[in-house]
Amino acid sequence: MKKKIAMLLLTTMTTFSLAACGADSSANTQAPAESEAPATEDASAEAPATEASVAEETSDAAAEDHLARIKAAGQITVATEGVWAPFTYHDETTDELVGFDVEVAKAIAEKLGVEAVFNEVAFDGGLTGVATGTFDMMANGVGVTDERKETYDFTDPYVYDHAVVVTLASNDTINSFEDLNGLKTANSAGSTYETMGIENGATVSNVDTIGETMTLVLNGTVDATINSMTTAQDYINTTGTTELRIAAIDEDATLCAIPLKKGSDNDSLREAINNAIAELRADGTLSEISNKYFGADITKE
């Protein structure tokens, strides 16, 4: 009888112990689930932050692109002399900035969907401003040279001109570029024509305007000037002077393009301007502007 009672008590205690262990196990299984819940919430909370970081990185990348910054500003800054007719000068009646390069720059800006804002500076100051990022571009009959290519990224050419030597009509000793050796010429500082004068042995005096250049030739301060054929012809035609003559013409065409600050930051801008130039050439706009100011189309080879 005692054995039966003992067995009964042992069975009851074992059943209670197992039930108790079962409850503990269930509680332990649920505990980690409860402790992991906040971790799941943290992960979901981090997701928006990750998306925001991606958006910020994309925004930063866009901000680093020059064309994107220009479009965001709604304007493109253009360096130009404003004293070199008929490329860039002021109308005598209205004092408005006009000229071939001025209209071309405006047409390009329109293609980009922005406004052209002009900054009138000396030729060398315009080039320096482009190189330092002060100006977005320069529209001033800038000739493309190997030396300049080391500092600037050029667009496709939009002008094909020729350099000429201009001297007094009474001067019969200058008939070639080589004849400038040992003589004096006048040109804008930093211009292709200044370089040509130096290369041909001339001593170059720097001036700011085409008017000053021709005055120095006319009064005998310098022996000649090297300039673009279109500018020289325009000056002779508009002033009606018979005291000057074109003594020599460079057979090689001078290719003029738009200089941009060198670097990948301007890759998309250069491409956009090239596309604009191509469209303006295809629809006849370049030819129309050229004929307006030069009486001829100098936008084609």
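How much accessible surface does the protein chain have, and what share of it belongs to carbon and sulfur atoms? The accessible surface comes to about 16,000 Å², and 52% of it belongs to carbon and sulfur atoms, with areas from the Shrake-Rupley method and a 1.4 Å probe. This is a predicted model, in which local features need pLDDT of at least 70, side-chain atom pairs count only at pLDDT 80 or more, and totals for chains, interfaces and linings use all residues. Residues are numbered from 1 along each chain as its sequence is written, and side-chain values use heavy atoms, leaving out hydrogens and water.

View 1. D146 lies in helix 5, residues 146-149 (helices are DSSP runs of H or I, at least four residues; strands are E, at least two). D146 counts as exposed because its relative accessibility is 63%, the cut-off being over 50%.

View 2. From A85 to P86 the peptide bond is cis, with omega near 0°. Look for P86 in the loop between strand 1 (75-80) and strand 2 (89-90).

**View 3. The positive phi of D95.** D95 has a phi near 65° and sits in the loop between strand 2 and strand 3 (97-98). Most residues other than glycine have a negative phi.

Terms used: Buried < 20%, exposed > 50% of the residue type's maximum accessible area, 1.4 Å probe, protein only.
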